[in-house]
Amino acid sequence: MAYTIRKARLEDRSRISELIAESARGLSREHYDDAQIEAAIITVFGVDTDLIEDGTYFVAEDGDTLAGCGGWSRRKTLFGGDQFAVRDTSYLEPLIEAAKIRAFFVHPDHARKGIAQAILEECEREAAAHGFRAIELMATLPGVKFYQACGYTEQGTYDLELIDSVKLELVPMRKQLQGS
Ligand SMILES: CC(C)(COP(=O)(O)OP(=O)(O)OC[C@H]1O[C@@H](n2cnc3c(N)ncnc32)[C@H](O)[C@@H]1OP(=O)(O)O)[C@@H](O)C(=O)NCCC(=O)NCCS
């Protein structure tokens with residue numbers, strides 16, 4: 001593996017935002033059209049500063065290049081960057097509520113190299129160490145196969161209204177953590 005994984009820092013935020021936009025534009029086209037992708041970048045895809053401050057958001061670097069990002073959360077917000085209005089930043093109860101997996105994006109030049117899986121495994125380890133027994137997320141359609149490959153199961157579907165009647169189909173997914 002040529003890349004390294006580290007905790008994201010506040011000063012990474014603008015580079016993470018660029019990575020998220022490039023990832024969405026490069027890796028979502030089989031599932032979403034341009035209007036959906038651009039509306040999602042404006043309204044929902046993005047950095048959640050709470051996660052960086054909590055120390056639960058990671059970046060993968062290949063030298064100086066940001067190749068991927070993703071994290072987990074012990075707060076109730078299920079998805080959405082700082083710009084997304086629907087959020088509940090209160091803390092989850094680990095024994096009875098599921099930790100959240102948040103905002104996984106890999107640069108198109110670095111896709112299918114195991115970067116997202118490596119970050120996800122680190123997130124699952126940390127969530128389990130904090131006492132969580134289950135973990136859940138809201139997947140984009142391009143993310144579903146990845147999460148399935150990592151042991152997550154679909155829990156229905158969800159249509160998120162973006163702007164001007166543009167909707168984004170999403171898929172809630174969940175996994176029981178080992179030993180629980
Ligand atoms: C989903 C995403 C994060 C996966 O990142 P990645 O680093 O390429 O994934 P990995 O290399 O760790 O994949 C691990 C396994 O997941 C599965 N997988 C990942 N991407 C897949 C795809 N596009 N189609 C089918 N299976 C896929 C495979 O089983 C893969 O193992 P393999 O490559 O040995 O076959 C990346 O495609 C992405 O950033 N997509 C656009 C943004 C997005 O929608 N993110 C999800 C937000 S919920």
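This is a predicted model: local features need pLDDT of at least 70, side-chain atom pairs count only at pLDDT 80 or more; totals for chains, interfaces and linings use all residues.
I'll start with the ligand. It is surrounded by 22 residues, and the closest are Ala-116, Gln-117, Gly-143, Lys-145 and Ala-149. By class, that shell holds twelve nonpolar residues, seven polar and three charged. Several elements supply at least two residues each: α1 (13-27), β4 (99-106), α4 (115-129), β5 (134-140) and α5 (144-149).

Now to α1. With 15 residues at 1.5 Å a residue, α1 should span 21 Å, and its end C-alpha atoms are 21 Å apart, so the two agree. Which residues of α1 are buried? They are Ile-16, Leu-19, Ile-20, Ser-23 and Ala-24. These five cover an arc of only 125° around the axis, which means they sit on the same side of α1. On the other side of α1, Ser-14 and Glu-18 are exposed. The cover over the buried residues of α1 includes α2 (34-43), β2 (57-62), β3 (65-73) and β4.

β4 brings me to the backbone. Ala-103, in strand β4, has a positive phi, near 50°, although this residue is not a glycine. Is Ala-103 buried or exposed? Ala-103 has 23 other C-beta atoms within 10 Å, and the cut-off for buried is 20 or more, so Ala-103 counts as buried.

Arg-112 also has a positive phi, near 60°, and is likewise a residue other than glycine. Arg-112 lies in the loop between β4 and α4. Here 10 other C-beta atoms lie within 10 Å, so Arg-112 is exposed.

Methods:
Residues are numbered from 1 along each chain as its sequence is written. A residue is near a molecule or strand if its C-beta atom, placed from the backbone, lies within 6 Å of it. Helices (H or I, at least four residues) and strands (E, at least two) are DSSP runs, numbered from the N terminus. Ala, Val, Leu, Ile, Met, Phe, Trp, Tyr, Cys and Pro count as nonpolar, Asp, Glu, Lys and Arg as charged, and the others, Gly among them, as polar. The expected span of a helix is 1.5 Å times one less than its number of residues. A residue is buried if 20 or more other C-beta atoms lie within 10 Å of its own, exposed if 12 or fewer, and partly exposed in between; C-beta atoms are placed from the backbone. The arc is that of the directions from the helix axis to the C-beta atoms. Two residues are in contact if their C-beta atoms, placed from the backbone, lie within 7 Å.
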